[in-house]
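Look at the chain as a whole before turning to single residues. The text below goes from the overall fold to the sheet and then to a few places in the loops and helices.

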Amino acid sequence: HPSQRNLVEREWNGPVRVLGGAGTGKTVVAIHRAKWLIENIFTSDNDKILLTTFTKNLAADIKANLTKICPGKLMRRIEVINLDRWVSGFLRKNDYNYDIDYGKRSKPLWDTSMTLTPNELSLDETFYREEWERIIQPNGITSFAEYMKTSRVGRGIRLSRKDRKLVWPVFEDYRLLLNENNIREADDAMRDAGTLIRGKGNVLPYRAVIVDEAQDMSKQAFELIREMVSGGQQKNDIFIVGDAH
């Protein structure tokens, strides 16, 4: 389609985000964008492109479809992998000493911390879980002072300074238990990977990153993706597609 071709076959100054509803061809655009970049822009044998998405199954489908339109010599320079798996592999290569957990090991720790919920506030567990996932983790909050400074716009439940002070021990205790048990959640792992990349400098081979299913990615995921392409914002560096709904 001409509109899809226009998105694929042009140079962009800095990151680009393409939004569309289900079935509009966003993944097709991402796949052809990878092929076009590797054929026309990043043509050196040392240039690599990362095409990442949220789930393993989708990454496998994308790789299979990309293989159909790209010769083997081009596919060798396009890495297709879901982001959690990339993070796990990168950290493992850098002697990461924490276990990345997706809920199984951390659930009992969360239950323990929930025993600290204050009686003064009538807030259920859903509130605390969402506060952790939408405010504490995305913003990398590790202290009450940081929590106090962070906007909670959109959460729906207002908290005074006194209220924040009452709920904070739940999150503080949970973080302490995670550390004591050598556990990191996915957002923690992404944050740690970004820190490692910044500390090591230009250690990754990627000239561009293409992101599919962007609506499922967290704030920490995008902060990591920004670190993956060295040199700050530059031509054709990040291409993002996601569901507008």
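The paragraphs that follow describe this chain step by step.

This is a predicted model, in which local features need pLDDT of at least 70 and side-chain atom pairs count only at pLDDT 80 or more, while totals for chains, interfaces and linings use all residues. Residues are numbered from 1 along each chain as its sequence is written, and side-chain values use heavy atoms, with hydrogens and water left out.

The chain contains 11 helices and seven strands; these are DSSP runs numbered from the N terminus, of at least four residues for helices (H or I) and at least two for strands (E). The C-alpha trace spans about 60 × 40 × 30 Å along its principal axes. Of the 245 residues, 46% are buried, where buried means under 20% relative accessible area, exposed over 50%, and partly exposed in between, with a 1.4 Å probe and protein chains only. Among contacts (heavy atoms within 4.5 Å) with a separation of 6 or more, 74% are between residues 24 or more positions apart. The side chains include 38 positive and 34 negative ones, and the centres of the two sets lie 5 Å apart. Here Lys and Arg count as positive and Asp and Glu as negative, without His and the chain ends; the place of a charge is taken as NZ of Lys, CZ of Arg, CG of Asp or CD of Glu.

Now find the sheet. Five strands form an open sheet with parallel pairing, in the order S1-S7-S6-S2-S3; two strands pair if DSSP finds at least two bridges between them. Strand S1 (16-20) and strand S3 (78-82) are the edge strands, and each pairs on one side only. On average, neighbouring strands of this sheet are turned by 15 degrees against each other, direction ignored. Helix H5 (residues 83-93) packs on the sheet and touches strand S2 (48-53), S3 and S6, and its direction makes about 105 degrees with that of S3. For such angles, axes are lines fitted to C-alpha atoms, for helices over the stretch in contact, and the angles run from 0 to 180 degrees between N-to-C directions.

Five bridges join S2 to S6 in parallel, and Thr52 has Val211 in S6 as its bridge partner. Five bridges also join S2 to S3, again in parallel; there Leu51 stands opposite Val80 in S3. Strand S6 (residues 206-211) in turn pairs with strand S7 (residues 238-243) over three parallel bridges, and Val211 has Ile240 in S7 as its bridge partner.

Most residues other than glycine have a negative phi. Asp95, in the loop between H5 and strand S4 (99-100), has a positive phi near 55 degrees. Asn236, in the loop between helix H11 (219-228) and S7, has a positive phi of about 60 degrees. Which of these categories, buried or exposed, applies to each? Asp95 is exposed because its relative accessible area is 62%, whereas Asn236 counts as buried because its relative accessibility is 4%.

Last, Pro108 lies in helix H6 (residues 106-113). Pro108 counts as partly exposed because its relative accessibility is 47%. Between Pro108 and Leu177 there are 69 residues in sequence, counted as separation, and 10.0 Å in space, C-alpha to C-alpha.
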